Structures are given as C-alpha cells and as structure tokens.
Amino acid sequence: MKKGVSILGLGWLGLPLALQLQKSGYTVNGSTSRLSNLKSLATYSFHTCRIKVEADTIIGDWESFIHDTSTLIINFPPKRIENIETIHPLQIKQIIKHTPKTTKIIFVSSTSVYQNTNTLVSESLHCIPEKASGKALIEAEKLLQQHFGNNLTILRLAGLIGPKRHPGRFLANKKQLKNPNVPVNLIHQKDVINLIKKILEQDCFGETINGCADIHPKRKDFYENAAIKLNMSPPIFEIPIKENYKIVDNSKSKSVLNFEYQFSNPEWIFTKEYLPEVSIVGCGPGNKNLLTLKAFEAIENAEIILHDNLISDEILAINTQAEHIYVGRKYGDKGDQETRQNNINVLMKKHCEQGDNVVRIKSGDPYIYGRAAEEVRFLKQHNLPFTVVPGISAALAAASSVNIPITERRQSNAILICTAHTADYSTAQLKGIAEMLNAGNTLALYMGLKSMDKIVPKLMEVCKNPDIPINAVSNVSRENEVLLSSTLGEIENDIKKQELQMPVVFLIGVKPIN
C-alpha cells in the first residue's frame, strides 16, 4: 500500500485528484471548508472532513487530518477579496504552525507569480507579481520554503482548463475580450493530476516546477476556435493599444519528471479525438451493491449524469457533486418518446463537446429495453467517443433475489425476455410464447403491470392452462422489494388485492424454491 496523502481542498481539482490517487493505491484524506459539502463528499470511499484555514486559526481537527500523512497537498487558491496579499500568507502561517517540518508538501501555486516580461519565463526568474493574488502566492511560497525546505515542492500552474472550465463557458459570459494577440498559458486538469502523481511517484521534493501546455496559441485564435467548435458567436476583441504577456516555460517539468503532456496543445480540448467518452451505464435493478465496478467508477467520476425515474436514490447518491439532469421516461410523463430521445441525444453531444464526463445511466442493462441502441447510433453518427457498461437485468436480479430458478436442469433450458409495451402480439408470436411456457420454459415480462388485462387473456387463449405459475417482483433488489406469486388464471385478481409499485418484472412458468 502506498503512503497516505492529505488533500487540503476537494474542489474542481482536488476531488478528481483524490479519486485518481486512491485508484493508484494511495490512502487519501480530503477536506472541504464548507459544511454544506460534507454530506455529498461523504459518499466517496476516502475519508473527508471539514477544515477551514483562517488568518488566525484553523477550524476543524487538523491533527487528525494530517495524522499518518506522508504528503500534504495544499490546494486552495487565494480568494478575490480585499487585502488577500496579507490574508493568504497568514493562512499559510497557520498551516506551518500546526504541521511538522518532516511532512512533505506539494503547494499548488500559480504562474500569476510571474511578471509580464514579453518573453519566456522559467522557475529561475526572480518573481515580481503584478496582481494581488500573485503577491499573496509568492509570499506563501517563501513562508513554506523557510519551514519545510527540501520537503516542499511548489507546482506553479498556468490557467486551468478541462471539465466545467471549457473555453466555451468563459465565452458565454463575455461580450468583449482584451489582448487578442497575446499567447495564452493553459494546462488541462488531466495534466495537472498526472504531474502531481509524478511528483509523488518519483518522490520529487525540494523543487519549483511550472505546469503549462507546450503550445501557446494567440488568445484571439484560441477563443475564436472555441466559438466555432461549439457553434457560438465569435468573441469581439478590443483594439489593443499595448499588450503585455509572458510565455510560461514547462521544460523543467519534462526534464525533471520525464513528463509528457497529454494536452500539449490546449486547442486539443476542441477536437473529437480528445473528448471524454460518454458512458452509457447499466445500473441494474436499483441496489448499488449490484453495480459493476466499472459502472460505479463511471458514476463516481461523472460531471454530468443523465437519468430517468427508474434510477434509485442510492445510486444517484454515489455522486452528488455532478450535475443531475432528469430526462424523463416514467409512466405518465407527457411528451412523445421521440422528442425525449432527441433531447437526451442533444444533451449528450453538448456536454461531451464541452469536455464534461457525461454518464447516461439506465436501469438494468442498457441493451435490454434501455434504448441504448438509439443513443449509440447517434453518438457514432456524430463521431463522439462512448463506452457501454453492462448492468444486471431486472429479470436476472429478480430470479436470484427471490430464489426462482429461471433455468434448471431437467426443468427449463431457456428463457424468453419480452416487453408488454407491445401487447398486440401476432398469432405466430403468441403461439411461440405459449409453446415455450407449455414446454416448461420461462418467460420474463418487462413493463407489464399496466397491461395485464391485455397480456393474460391472450396467453390463456393460446396456452389453455390457468395453472401456469407467474411471479410479479416489484422494486427488485431494493428495500421495498415485494414478491407476489400466483397463477395465470388468478394473477389479475391478486394484483387488485396487493398493490404493486413500479417497476415490476414478471417471471412466468416457474415457481420460487420454498
């Protein structure tokens, strides 16, 4: 097991960093300054707590937070408030006061500490920051160096891009931009996370390292390309009088860490080859313990979750940091299916092209009455990357949950899965279904609760056997699961006596093991 890492600040960068470090084998401890965030963060499998660093104190149990920690990652930027150049260093002094010198520190700083030189700037430059935030950070760096010495590595990051920080989001709130001809210094979230992992893996401390993409496109070109890719109106730039800039040199990160930037050109964020995969995820019947590990991971890492009414609250609660978008499809929803599906397709495309990790979650398995085929065809048509994650289908989960052997040696060697939404089965179809049932095989019927008055008479007509067993399982695998066992001849009356909540799956032709 790798050593313990504590991350001060589980925000836009800190939370995905925590998830990635945990997957890499580190014991992770994370903090948030807001009490309101604790409930949602508690759903993750690493420890979280509230730590708020003030200018004169630390609110929260700092000693417990850094207990058994080999590396502390300080990841909270200076706030945009008055006197921040004084307040932020005082906050850092509180951390120094309560943290042993032997603790290894990664301090997430910013390239705002560099002044505009109209040339390349490297880590060796004597920094004379021009903005209050840069002044706050350079003073914080000095204080940390004095206390932790060679146990400190400072990571100076260029402008952050990635999920939720797509250039298109920036353009949406801007009418006019300045400095069209200056080069931009940017770094993608994935590269930041990988840089921090490299520092930990190589035990690279006692260094100051810039994090920035290799390529520095002109600001005007960069944001015009962003607008084109997202079908937005191009930005308007002010006519420059004098433009000052800097070009951040990243050569040290590549030589010291042997690092290769995944987004060496920040404009790759606009290209389909570098878009995040849309995950179409089967969530099984509702119990989160029945999710595959791949499904759980996809949900945990999502930024956008598209869901319908059949997804259980406990599965939605796996990730409450993501934006949850309800996309309909419950019984009684107004609007036609085609319109709803088109809306889902548009949402997948829009958020994927904005660089968000989109997860479309579906009850059961995506390819069993989940309409995944329509969504996959749409994604293929638009050349968008995707993956389909299988889930346990409700029929299979129901069979295991209530001990119904849907196949059994010398009893049943086949199962037919069908839906009651198409109640007007042809004579040939009904004959085939009836022959299967009469031969002792199993029929799994989905979405049949509201169609029993149509399905049962037709099956009776063809099967001519009212004693064929039928089982209705409501809310499969959930706490309020209900099993109603009956026969083809009595099921309609029994359902009237015992109200069943949707979703319900029917297993016909087999009995539970008593």
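Visitor: Which residues of H7 does H1 meet in this model?
Guide: In this predicted model, the H1 side of the contact is made by Pro-16, Leu-17, Gln-20 and Leu-21. The residues of this contact, taken from both helices, divide into 6 nonpolar, 2 polar and 1 charged. On the H7 side, the residues that H1 meets are Gln-189, Ile-193, Ile-196, Lys-197 and Leu-200.

Visitor: What is the handedness of the crossing of H12 and H13?
Guide: Helix H12 covers residues 337-353 and helix H13 covers residues 372-381, and their axes come within 10 Å and cross at roughly 45°. That angle makes H12 oblique to H13. As for its handedness, the crossing of H12 and H13 is right-handed.

Visitor: How many charged residues are there in the contact of H12 with H13?
Guide: From H12, the residues Gln-341, Ile-344, Asn-345, Val-346, Met-348 and Lys-349 take part, and they meet Glu-374, Glu-375, Phe-378 and Leu-379 of H13. Of the residues in this contact, 5 are nonpolar and 2 are polar, while the number that are charged is 3.

Visitor: Which residues of helix H10 are buried?
Guide: Helix H10 runs over residues 293-300, and its buried residues pack against several elements, among them helix H1 (14-23), strand E16 (278-282) and E17. Helix H11 (313-316), strand E19 (358-362) and strand E20 (386-389) are also packed against by these residues. The buried residues themselves are Ala-295, Ala-298, Ile-299 and Glu-300.

Visitor: Is His-307 buried or exposed?
Guide: His-307 has its place in strand E17, which covers residues 304-307. Not counting residues up to four places away in sequence, His-307 touches Leu-316, His-324, Ile-325, Tyr-326, Val-327, Gly-328, Arg-360 and Ile-361. Its relative accessible area is 10%, and because a value under 20% counts as buried, His-307 is buried.

Visitor: Where does Pro-129 lie, and what is its relative accessibility?
Guide: Pro-129 lies in the loop between strand E8 (120-121) and helix H5 (132-148). Leaving aside neighbours within four places in sequence, Pro-129 is in contact with Ser-112, Val-113, Gly-134, Lys-135 and Ile-138. Pro-129 counts as buried, its relative accessibility being 14%.

Visitor: What distance separates the C-alpha atoms of Pro-129 and Leu-443?
Guide: Along the chain, Pro-129 and Leu-443 are 314 residues apart. In the predicted model, the separation of their C-alpha atoms is 72 Å.

Visitor: How many disulfides does the structure hold?
Guide: A disulfide needs a pair of cysteine sulfur atoms within 2.5 Å, whereas the cysteine sulfur nearest to Cys-212, that of Cys-127, is 14 Å away. For Cys-418, the nearest cysteine sulfur is that of Cys-463, at 12 Å, and Cys-418 is in no disulfide. Cys-212 is likewise in no disulfide, and the number of disulfides in the structure is 0.

Visitor: What are the relative accessible areas of Cys-212 and Cys-418?
Guide: Cys-212 is buried, with a relative accessible area of 0%. Cys-418 is also buried, and its relative accessible area is 9%.

Notes: Residues are numbered from 1 along each chain as its sequence is written. This is a predicted model: local features need pLDDT of at least 70, side-chain atom pairs count only at pLDDT 80 or more; totals for chains, interfaces and linings use all residues. Side-chain values use heavy atoms; hydrogens and water are left out. Buried means under 20% relative accessible area, exposed over 50%, partly exposed in between (1.4 Å probe, protein chains only). Axes are lines fitted to C-alpha atoms, for helices over the stretch in contact, and angles run from 0 to 180 degrees between N-to-C directions. Helices (H or I, at least four residues) and strands (E, at least two) are DSSP runs, numbered from the N terminus. Angles under 35 degrees count as roughly parallel, over 145 as roughly antiparallel, 65 to 115 as roughly perpendicular and the rest as oblique. A crossing is left-handed if the near helix is turned anticlockwise from the far one by less than a right angle, and right-handed if clockwise. Contact means heavy atoms within 4.5 Å. Ala, Val, Leu, Ile, Met, Phe, Trp, Tyr, Cys and Pro count as nonpolar, Asp, Glu, Lys and Arg as charged, and the others, Gly among them, as polar.
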